Each structure stands twice: as C-alpha cells, then as structure tokens.
Amino acid sequence: MPSDRRHAPWREPFRLARRTRKVHPTRGPAAAAFVLFLLSGTAAAAPVIDRVLAVVQGSIVTLSDVQTAMALGLVNTAGADDPVGSALEQLVERSLQLIEVERYSPPEPTAAEVQARLRPIRARFPDEESFRRTAAALGLTDKRLQAIARDDLRLRTHLTQRFASVTDPADEEIARYYREHQQEFVRDGVPLTLGEVVPEVRRRLVAARRAELVDEWSRQLRQRADVLVIPR
C-alpha cells in the first residue's frame with residue numbers, strides 16, 4: 001500500500017547537521033512568509049553559511065545541496081546560462097520523483113550495485129584524494145554517498161518499470177530517422193546501411209519516447225506538489 005510520507009527522501013544524503021530544518025508543508029503566502037523568516041530573522045543572529053533556494057513538499061533545498069549535486073554529476077548543467085538555476089530545477093524534479101518512488105517501494109539495490117553506481121561519481125575526480133577532499137568539504141560521509149547511489153538506482157528501477165510499455169517504432173519511422181540522421185551513422189569513414197543501424201535507431205527512438213513520458217509525468221507531479229522556489 002502506498003505510504004503517505006510528506007518529506008522528500010533525497011534530502012537525507014545532503015542534509016548537514018549544522019542546518020537540519022524541516023518546513024511544515026504549506027501553500028502560497030504562508031510558505032513564503034515562513035521561508036522569509038528563516039532567511040531574515042534567523043540569519044540576522046548568525047553568519048550566513050548557506051541559502052534556502054526552494055521548499056519541496058516541506059523540505060528545504062539549499063545552495064549547498066545544489067553545489068553537491070553539481071559536483072557529483074547528479075544534474076546536467078552543460079550549456080546552461082544559469083547553472084545554479086538549472087541544477088535547482090533538476091533537484092526539485094528529482095525530489096518529487098523520489099517522493100513518488102517511496103510510495104511504490106521498488107526493490108532495494110544490492111551493495112554491489114550501489115558501489116557500481118558510485119564508480120562513475122568517483123571517476124569525475126582526478127584521483128581518490130581529490131574525491132575525498134571534495135566530499136569532506138561538502139559534508140558527505142560514505143553513508144550519505146551510498147544513500148545517493150541507492151536513490152539513483154531505485155529511481156531508475158521505478159522509471160524502467162513505470163514506462164516499460166513504450167511502443168516500438170514502426171519500420172517507416174525507423175527509415176525516416178535514418179534518412180534524417182544518416183551523417184551520424186558512419187564507421188571508419190564509410191556510411192552504414194539502414195540494415196546495419198536498425199537496432200541503434202530503434203534504441204534512440206524508444207529512449208526519446210520514454211523521455212517524453214518521463215517529462216510529462218514530472219510536469220504532472222510538479223503541478224500537484226507544494227513547491228516554492230525562492231527568488232535569487
């Protein structure tokens with residue numbers, strides 16, 4: 001039976017002891033007023049060490065959360081005019097998706113799967129020392145890093161199960177895609193034939209359809225959620 005959890009599960013891996021706060025889920029002006037209180041009244045008594053950027057279903061998203069996601073490659077900000085804004089929007093979407101994942105409880109990943117997911121995160125850094133130094137600066141323990149990997153794997157499993165019934169493209173659609181992207185299918189300078197690339201074209205079309213479905217699902221989650229983004 002779906003649970004009725006009112007917090008964003010992805011917050012746990014990023015939450016630092018120095019700023020553990022939970023905002024009661026509210027809507028509209030009430031939420032804005034409460035967040036402004038956090039940003040003004042509380043901050044006046046102590047140095048500002050972080051900033052609240054959004055409130056998602058009652059849990060705060062801070063600047064350090066965004067910096068963590070960017071450092072670990074959890075978001076893609078390539079080409080964005082506002083990398084922080086782009087990363088924030090992706091974290092809001094991620095948190096809403098993970099709330100939905102919690103309702104359906106997909107299978108838990110194994111320890112080996114978690115470690116496998118962490119490998120590409122570590123590979124973003126030139127060496128282990130650099131990775132550890134960054135993790136320490138962000139306040140990320142091994143336990144929290146494993147929780148991030150767990151969330152990623154559970155989310156992937158949920159998306160695969162939820163959108164498994166994407167219809168295979170018709171032969172005409174495959175042929176049209178091949179004609180429009182023929183310059184991409186070359187090996188050793190020799191153009192590949194349609195017959196040689198059918199599996200790859202089919203994979204691309206199915207992936208694009210699934211991405212459209214995920215985008216629409218995320219849009220619907222956002223419409224019915226309590227989300228407050230603080231102007232920067």
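**Confidence**

I looked up the confidence of this predicted model: the protein chain has a mean pLDDT (the predictor's confidence in each residue, from 0 to 100) of 83, and 79% of its residues reach 70 or more. Confidence is lowest in helix α1 (residues 11-14), at a mean of 42, and highest in helix α8 (residues 171-180), at 97. Over residues 1-48 the pLDDT is below 50.

**Conventions**

I number residues from 1 along each chain as its sequence is written, and side-chain values use heavy atoms, with hydrogens and water left out. In this predicted model, local features need pLDDT of at least 70 and side-chain atom pairs count only at pLDDT 80 or more, whereas totals for chains, interfaces and linings use all residues.

**Overall layout**

I recorded nine helices and five strands in the protein chain; helices (H or I, at least four residues) and strands (E, at least two) are DSSP runs, numbered from the N terminus. Along the sequence the pattern reads α-α-β-β-α-α-α-α-α-α-β-β-α-β. Of the 232 residues in the protein chain, 40% are buried, where buried means under 20% relative accessible area, exposed over 50% and partly exposed in between (1.4 Å probe, protein chains only). Among contacts between residues at least 6 apart in sequence, 73% join residues at least 24 apart.

Valine 56 stands opposite serine 59 in β2. The two strands form a hairpin with two residues between them, and glutamine 57 in the turn has a positive phi of about 50 degrees. From β2 (residues 59-62), Ser59 and Val61 point one way and Ile60 and Thr62 the other, and all are buried. In a regular strand, side chains alternate between the two faces of the sheet.

**Nonpolar cores**

I checked for nonpolar cores, meaning sets of buried Ala, Val, Leu, Ile, Met, Phe, Trp, Tyr and Cys residues joined through side-chain atoms within 4.5 Å. The largest has 37 residues, and those with the most contacts inside it are Leu72, Leu88, Leu96, Leu140 and Leu145. β1, α3 (63-72), α4 (83-104), α5, α6 (128-137), α7 (142-162) and α9 (194-223) each supply at least two residues of this core. Its largest share, eight residues, comes from α4. Another core, of eight residues, lies apart from it and includes Tyr178, Phe185, Leu192 and Val197.

**Packing of α8 and α9**

I read an angle of about 100 degrees between α8 and α9, with their axes 9 Å apart. Axes are lines fitted to C-alpha atoms, for helices over the stretch in contact, and angles run from 0 to 180 degrees between N-to-C directions. α8 is therefore roughly perpendicular to α9, the class for 65 to 115 degrees. Among the residues making the contact are Tyr177 and Tyr178 of α8 and Val197 and Val201 of α9.

I located arginine 117 in helix α5 (residues 111-122); its relative accessible area is 11%, so arginine 117 is buried. Leaving aside neighbours within four places in sequence, arginine 117 is in contact with Leu74, Ala149, Asp152, Leu153 and Arg156.

Glutamate 100 is found in helix α4 and counts as buried because its relative accessibility is 7%.

Methods: Contact means heavy atoms within 4.5 Å. Two strands pair if DSSP finds at least two bridges between them. Angles under 35 degrees count as roughly parallel, over 145 as roughly antiparallel, 65 to 115 as roughly perpendicular and the rest as oblique.
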